[in-house]
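Colleague: I'm new to reading protein models. Could you walk me through the one on the screen, feature by feature?

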Amino acid sequence: MTTYWDEKILDVWNEIQIRQQLEEMNQQKPQLTWEECLEAAELGSMEYDGCTLEFAERMFFDERVRLILPCSLQLIPKGLMSQSSAAQPHEQLACQDEEGTILLGLNHMAHPLSMNEAESFLQAMTGQIKKKTPGLQIVKNDLWEHEGLRVAICEYVVPMADGAYYQIMFATSVMGRAFFGSMVFPAREVWLWQPLANALIRTLRVNEGA
């Protein structure tokens, strides 16, 4: 029991430190909102820190999924991972910037999932990841709904040897199967990529008839 409470106290302490670090990072740069980033993404470009970030609509998984993404993220084909049913493979794709610091992963699984199960599905995935990743701290959970689409979102910080990374995972249902994505970026760039990633998630559109 003592060990259990020691671990709980350490978790709380780590969470306090991480939140303080994130607040300090946000204060170093002008604070952006996901609403501002969403407007810029839909218009096609945004100015930040003296640079221009351009956006374009991208289609994935036989045009079943649409997202607006930065043009700096280039597709890295990962192929298909066959599951128990050859008719419903687990499809994986990834996009990465030229420096290799920003990574977006997209997965359309064979696992059956209804729209109303998106939250519990993401909670289960997050719980598994937290058990396997020492020091991982969940920052927030969110739920976004739009025209029948229900997207669960979870944000957390992952400590690494070369510095902390911020990860945002999201999950929904596409054609009755689990669909989830994950965007990872250095925690030092949270001031830009946290609101921007949330904006990009909100550009998600699904074509069930594709």
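Predicted model: local features only at pLDDT ≥ 70, side-chain atom pairs only at ≥ 80, totals over all residues.

Colleague: What parts of the chain does the pair of R150 and E119 tie together?

Modeller: R150 sits in strand β8 (residues 149-158) and E119 in helix α3 (residues 118-132), so the pair ties together parts that are 31 residues apart in sequence.

Colleague: Is R150 buried or exposed? And what about E119?

Modeller: R150 counts as buried because its relative accessibility is 18%, and the cut-off for buried is under 20%. E119 has a relative accessible area of 29%, so E119 is partly exposed.

Colleague: How many salt bridges does a search of the whole structure find?

Modeller: Seven. The general idea is that side chains of opposite charge can pair when their charged atoms come close. One case here is R64 with E91, whose side chains meet at 2.8 Å, N to O. R64 lies in the loop between β2 and β3 (65-70), while E91 belongs to strand β5, so this pair ties together parts 27 residues apart in sequence. Both R64 and E91 are buried.

Colleague: Which residues are linked with R64 and E91 in a network of salt bridges?

Modeller: D62 and R177; together with R64 and E91 they make up the network. Another salt bridge joins the side chains of R66 and E57, at 3.1 Å from N to O. R66 counts as partly exposed, because its relative accessibility is 23%, and E57 is also partly exposed, at 46%.

Colleague: Where do negative charges gather on the surface?

Modeller: Look at E35, E36, E39 and E42, which form a patch of negative charge there. E42 is placed in helix α2 (residues 34-43). With a relative accessibility of 52%, E42 counts as exposed.

Colleague: Now the strands. How do I read a sheet?

Modeller: Strands of a sheet pair through backbone hydrogen bonds, either parallel or antiparallel. Here, β5 (residues 90-96) and β6 (residues 103-112) run antiparallel and are joined by six bridges. For example, A94 has G105 in β6 as its bridge partner. On β10, G105 stands opposite S182, and β6 and β10 pair in the antiparallel sense over seven bridges.

Colleague: How many of the residues in β5 are buried, and how many in β10?

Modeller: In β5, six of the seven residues are buried. In β10 (residues 177-186), ten of ten are.

Colleague: What should I look for in a hairpin?

Modeller: Check the turn. Between β5 and β6 there are six residues, and G100 takes a positive phi near 75 degrees. The hairpin of β9 and β10 has two residues between the strands, and M175 in that turn has a positive phi of about 55 degrees. β9 (residues 165-174) pairs with β10 over ten bridges, again antiparallel, with I168 partnered by M183.

Colleague: In what order do the four strands of the open sheet lie?

Modeller: The order is β1-β2-β3-β11, with antiparallel pairing. β1 (45-48) and β11 (205-206) are at the edges with a single partner strand each, so one side of each has no neighbour in the sheet.

Notes. Residues numbered from 1 in each chain as written. Heavy atoms only, no water. Patch = residues over 30% accessible without salt bridge, like charges linked within 9 Å, V, L, I, M, F, W, Y side chains within 5 Å. Areas by Shrake-Rupley, 256 points an atom, 1.4 Å probe, with all protein chains shown as cover. Salt bridge = Lys/Arg side-chain N within 4 Å of Asp/Glu carboxyl O. Lys, Arg positive; Asp, Glu negative; His and termini not counted. Charge placed at Lys NZ, Arg CZ, Asp CG, Glu CD. Buried < 20%, exposed > 50% of the residue type's maximum accessible area, 1.4 Å probe, protein only. Pairing = 2+ DSSP bridges.
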